[in-house]
Amino acid sequence: MTGSAVVLGVVIGYLAVLFGIGLWARKESRTVSGYYVAGKKLPSWVIAFSSNATGESAWLLLGLTGMGYAVGVHAFWVVLGEVLGVALAWVFVARPFKEYTDRYDSITVSDFLEDRFHDGARIIRRVSAVIIFSMVAVYTAAQFTAAGKAFDSFLGIDYTWGVILGAIVVLYYTTVGGFKAVAYSDLLQGVLMFLALLVLPVVGIVAVGGWGAMVEGLRAADPSLLLPMGSFGLTTAGVVSAVSFAAVGLAFLGVPQLLTRFISARGTREMAPAGLIAVICILVFDTGAVLVGMSGRVLFPGLADPETVMPLMSSSLVPAFFTGIFLVVVLAAIMSTVDSLLILASSAVVRDVVQKIHRPQMPELRVTTWGKVVTVFLGVAGVLVALGEVRVVFWFVLFAWSGLASAFVPVVLCALFWRRTTLAGAIAGMVCGFAASVGWVLLFKARFHELYEMIPGIGVGIMATVVVSLLTRPPADADREFDAVHRAIGPAFRPAPGGRGGGGSAG
Amino acid sequence: MGGLTAGAWLLIVAPILVGLGLVVPFYRAHRHEANGAGGGQPGAAASTAGEPGR
């Protein structure tokens, strides 16, 4: 049996398991709550792995490894930012958000925002839908592009067929199994990514000749690869670069595809174990990816495209079976992100706009059917874009990641932690944050040492939310709800009142 | 130490210290709690929003 046949066999086995998960979960996908949040029944370990696998796309395995290759130790600023973002999200955001969304019986982030701000005109729902839909389209196309590239570089399968094959599998299990299939496939995919990023850096460092040999090899290649501020040194450009790298993690505090994991948990008590699992998982993900890149720099110097270092290492250093496993891991990272994005965008259109604004009486089964139709439509649109000329994968990923974060993080944080936030403030924050992120890329980024657009995006979003909120009146009863939620969950580092994770003193 | 400067080592271990430093005390504080308002029963939550049982 040739090496390629072994790799292909492993990939086919993996895809078959995903089909099986779709079939297993299909019963849950017949109701709106089941299709979009798995009936709010997911345990801690599923939401923990699902949130990390969703947050970390092909960018982790191809982009961050390439960054470790290109800039060495300086890439650990990304690790610091992401770990901090994940930890803060679970410790401070998850419990109040879950408590609010359970009280409101929310299925989507827009449901939460509408009820939090008593938005009778449903403006925030419409604005959210437009932002989610546009950013998800960009993000999904970039992920399908990555799938095509992965098939091409690992197996020599034509790029076009790689894109189409990846899309068929994701669309099947997402539409048939809904969010339950998405979450459990994310769990499988997250575990595979965890194991790969635990093993591959060790394989790489051993192949180099050990830690000391890797450090000496990097020093010989370029001494700045071992410096925290990289080749910039302690200059304005160096600080901007470090801050931009770390800022990637801010999105974990409030992008809707991750907040949906909190909604889908079976209760607030899941957050403590899930947070611990998620932080350990992201530590292994990110540290492993950077170390793969650093060891790859010594093993394969002079690569024209640093983002090919991970496929190259896995095809050169391990037997064919494990090369297949590593291809599966890259596909897993892609699929675990795409499935979540598709179901998020579907909910933004069908649940948030069609059902809640135009057709409130539509039967559940018809809503979920339309949800599946929109999921397929979005997937096909993503494939068509990916088959065009979108080949700069990670520029698009980081742009969409920033657009979603700039629109939602300021508003979600203010909604959860500042009682004075108003509807007008939330809408202004969402629109201004998103516009600042896009505007920064188009007008200012090149002039400010490539400062990552999420920083001005979130900064402007928070300022707009605060200023406009101070000029307008908060919704009636917002104080009472705010106090009830925060009294129920208690402080982050002390047990909740009465030993309950929430809801013990509602109203 | 290990061929790296103290600054480089600090950057490498900082994510571990920061991440576990936040999440371990959080886990210890809440690991024995019962589930809260929703408890996996959508529609049964104690709504304060005036639109229960969405």
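## Salt bridges

Lys40(A) and Asp105(A) form a salt bridge in which the closest N and O atoms are 3.9 Å apart. This pair links distant parts of the chain, with Lys40(A) in the loop between α2 and α3 (44-55) and Asp105(A) in the loop between α5 (76-104) and α6 (109-116), 65 residues apart. Lys40(A) counts as buried at 2% relative accessibility, and Asp105(A) counts as buried at 5%. The model described here is predicted.

Over all chains, the structure holds 18 salt bridges. Another of them joins Glu28(A) to Lys180(A), with 4.0 Å between the closest N and O atoms. Glu28(A) lies in the loop between α1 (3-24) and α2 (32-37) and Lys180(A) in helix α8, so the pair ties together parts that are 152 residues apart in sequence.

## A salt-bridge network

Arg122(A) and Glu114(A) meet through their side chains in a salt bridge of 3.1 Å, N to O. Glu114(A) is buried, its relative accessible area being 3%.

## The largest pocket

The largest pocket holds about 710 Å³ of space. Its lining consists of 27 residues, and Met67(A), Phe245(A), Leu398(A), Lys445(A) and Glu450(A) lie nearest the centre. Helix α4(A) gives the largest share of the lining, six residues. By type, the lining residues divide into 17 nonpolar, five polar and five charged.

## A nonpolar surface patch

Val191(A), Leu195(A), Leu198(A) and Val199(A) make a nonpolar surface patch of about 310 Å². Val191(A) belongs to helix α8 (residues 159-208) and counts as partly exposed, at 33% relative accessibility.

Notes
Residues numbered from 1 in each chain as written. Chains lettered and ligands numbered in written order. Predicted model: local features only at pLDDT ≥ 70, side-chain atom pairs only at ≥ 80, totals over all residues. Heavy atoms only, no water. 1 Å grid on protein atoms, 1.4 Å probe; cavity = no way out; pocket = protein on both sides within 12 Å on 5 of 7 lines; lining within 4 Å. Points joined across faces, edges and corners; volume = space filled by probe spheres on them. Helix = DSSP H or I, 4+ residues; strand = E, 2+ residues; numbered from the N terminus. Nonpolar A, V, L, I, M, F, W, Y, C, P; charged D, E, K, R; others polar. Patch = residues over 30% accessible without salt bridge, like charges linked within 9 Å, V, L, I, M, F, W, Y side chains within 5 Å. Areas by Shrake-Rupley, 256 points an atom, 1.4 Å probe, with all protein chains shown as cover. Buried < 20%, exposed > 50% of the residue type's maximum accessible area, 1.4 Å probe, protein only.
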